[in-house]
Amino acid sequence: MIRFIKCTPKEYGLTNQVLRSGTAVGALVSEATYAQSPADFINKLSIALKECNETLYWLNILKDTDFLNESEFESINKDCQELLALLISSIKTTKQNSERK
């Protein structure tokens with residue numbers, strides 16, 4: 001998405017923020033794969049959840065400032081919402097499983 005947004009250096013900050021927070025989600029989920037404990041897994045996914053939420057914030061800014069049109073935003077927003085739901089579900093399930101032990 002970042003490659004397709006035409007912006008001047010002035011707007012680079014916005015696109016850089018969405019790139020950083022968006023890619024952080026994947027990195028944190030990858031780290032969680034080799035978590036040392038359920039608590040570590042939950043912690044890493046919780047941070048990924050925050051980064052995903054931050055990405056949604058920046059996407060809304062890009063839409064509100066017309067760097068993304070409505071259909072581009074809706075497509076990306078749908079993916080982010082699904083990712084949020086997966087992260088929340090994974091965190092809840094892990095917490096429930098940890099409490100049962």
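Predicted model: local features only at pLDDT ≥ 70, side-chain atom pairs only at ≥ 80, totals over all residues.
Let's start with D64, which is exposed, with a relative accessible area of 57%. D64 forms a salt bridge with K63, their closest N and O atoms being 3.9 Å apart. K63 itself counts as partly exposed, at 21% relative accessibility.

How many salt bridges does a search of the whole structure find? It finds three, and here they are:

| Salt bridge | Closest N and O atoms |
|---|---|
| K63 and D64 | 3.9 Å |
| K44 and E31 | 3.8 Å |
| D40 and K44 | 2.9 Å |

Through shared partners, E31, D40 and K44 are joined into one network. K44 sits in helix 2 while E31 belongs to helix 1 (residues 12-33), so this pair ties together parts that are 13 residues apart in sequence. D40 and K44, on the other hand, both lie in helix 2, four residues apart, or about one turn of the helix. K44 is buried, at 16% relative accessible area, and D40 is buried too, at 17%. E31 is partly exposed, with 41%.

Now for how helix 2 meets helix 3. The two pack at an angle of about 160 degrees, with axes 9 Å apart. Since angles over 145 degrees count as roughly antiparallel, helix 2 and helix 3 are therefore roughly antiparallel to each other. Helix 2 passes helix 3 in a left-handed crossing. Their contact has 17 nonpolar, nine polar and three charged residues.

Between helix 2 (38-64) and helix 3 (70-100) comes a loop that holds D66. D66 has a positive phi of about 65 degrees although it is not a glycine. At 69% relative accessibility, D66 counts as exposed.

Notes: Residues numbered from 1 in each chain as written. Heavy atoms only, no water. Buried < 20%, exposed > 50% of the residue type's maximum accessible area, 1.4 Å probe, protein only. Axes fitted to C-alpha atoms, helices over the stretch in contact; angles between N-to-C directions. Parallel < 35°, antiparallel > 145°, perpendicular 65-115°, else oblique. Left-handed = near helix turned anticlockwise from the far one by under 90°. Nonpolar A, V, L, I, M, F, W, Y, C, P; charged D, E, K, R; others polar. Salt bridge = Lys/Arg side-chain N within 4 Å of Asp/Glu carboxyl O.
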